[in-house]
Every structure is written in structure tokens, then in C-alpha cells.
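Me: Please take me through some labels used for this structure. I want the value and the cut-off each time.

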Amino acid sequence: MKYAPHLEPSPLPFSPFKSCTVPRPIGWLSSISPSGIENIAPYSQWQNLTFDPPMVMFSANQYPDGRRKDTVRNAEETGWFVWNMATYDLREAVNLSAMALPPDESEFDHIKVTRECADNAPIPMVGESPVKFECRYLSTHRLKGNSPVGTIDIVFARVEKIHVDDRVIRSDGRLDIQSIRPIARLGYFNYTVVDNEFEMRVPGADDDARYGLEGRATLK
């Protein structure tokens, strides 16, 4: 089977496109509007970009009526947002926070989590989330789609502070991902959980490459 998605509909009853780039990390992003309305929502187009300095990005589709997502507007207008790691224990709260609410209503009022205030801005973070990034807004790049809902805002930010729960740090200084059990997005309405891992080291990698893969910058 093959088809050209820009010219013809998918021959399958469900489009395979979103089920191929998987698993996708979840950007569970909290923010606040200039008027003080709290917001939190999950985004499955979320990724880190580089580590020196740490920078991240997420993309958000517009609503069918052309409105932009609250997270995008809040980041642009206040200069900040927070990434909260989504875990299996928090899966129901993550799902509930995906509800489409009016801009003057907060998803935090519908989910049972503990609010913790970020250090750099008065943004609520999820206390039960084991890892949080305070992200300073850098820029937005808009890509026009074939429909209003296909148009996206790609938001770039720099991580200014990282919060890690001491209980998820292993004795060797690495995060205990198997105990954290992050969840990730698959296609359709399906998700997966990270509860096993394996290591592969690149043959012949020099020190610079090794430090880069481990997330450490070398000083020349």
C-alpha cells in the first residue's frame, strides 16, 4: 500500500501517519495568562532540541475555528511556561487536562494534583510530577496548513530551571526511568509506558561524542 497524503485520502479507515512517529513524548505544559488564568494541557508534539543550553519546542494545532491554543498565547504574552513530566500514575490527570475549556476556565480546577509555584514566574507546576522544566519563551514559528486545524504554532523555549524529585535519582546519578514510568503517545487514542530499557554504546565514539550523548558539554 502507498498513497500521496497531499493529493488523496488515506486508503485505510484510520490514517497511519500519526501512528508511525512513535512513541512521542508528552509535553504536559502549564502556563498562566496575563490576567491570572491558570492553564495546563498535554501536547504530543514536544521535544528537546539541544542541551548546551537546554532548549525545547512544542507545536500546537489551531482549533477548527482558527483560535490559537491558550498555551501558545500565554507563553508569548508572559514569556514563560512549565513542562511537567507525564507519568503512568498521573495518566488520568493528563487525560482530563486535554479537555477544551473556555479561556477563562482553568484545567487545574478539574484535576486532582498539587499546585507548586515555579521560581521564575507565578505558574503552577504539578507537585506530583517527578521532573519539571521552567521554560523561557524564545519565539514562535507558524506553519499554515490546508485547513484552520492543520495550521500550527511551533514554540521554541530555553530551559531556565530544572526540578527533579530526589526520590527518582539513582545512586549513580542517573534518573530512574523505570520507576518514574513516563507515558508517551502512540497513534489514535493509544498510549504506552516506559518500564524497561536497554543500553547500546556507539562503537568507537570519542570523548566529545560520549559527553554529548550523555548530555554533558565539554569545555575546550
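Reply: The labels follow, residue by residue. This is a predicted model, where local features need pLDDT of at least 70, side-chain atom pairs count only at pLDDT 80 or more, and totals for chains, interfaces and linings use all residues. Residues are numbered from 1 along each chain as its sequence is written, and side-chain values use heavy atoms, with hydrogens and water left out.

Me: Why is Ser33 called buried?
Reply: Its relative accessible area is 13%. Buried means under 20%, exposed over 50%, partly exposed in between (1.4 Å probe, protein chains only). Ser33 is therefore buried.

Me: What lies 2.9 Å from a polar atom of the Ser33 side chain?
Reply: The backbone nitrogen of Ile37. Ser33 itself sits in the loop between strand E2 (27–32) and strand E3 (38–43). Helices (H or I, at least four residues) and strands (E, at least two) are DSSP runs, numbered from the N terminus.

Me: Which residues does Ser33 touch, not counting those up to four places away in sequence?
Reply: Asn74 and Thr78. Contact means heavy atoms within 4.5 Å.

Me: Why does Met99 count as partly exposed?
Reply: Its relative accessibility is 31%. That value falls in the partly exposed range, so the label holds. Met99 is in the loop between helix H2 (91–96) and strand E7 (115–117). Beyond four places in sequence, Met99 touches Glu107 and His110.

Me: What makes Ile169 partly exposed?
Reply: A relative accessibility of 39%, so Ile169 takes that label. Ile169 lies in the loop between strand E10 (152–164) and helix H3 (177–180).

Note on methods: A polar contact is a pair of N or O atoms within 3.5 Å; within protein, one must be able to donate a hydrogen and the other to accept it, and residues adjacent in sequence count only if both atoms are side-chain atoms.
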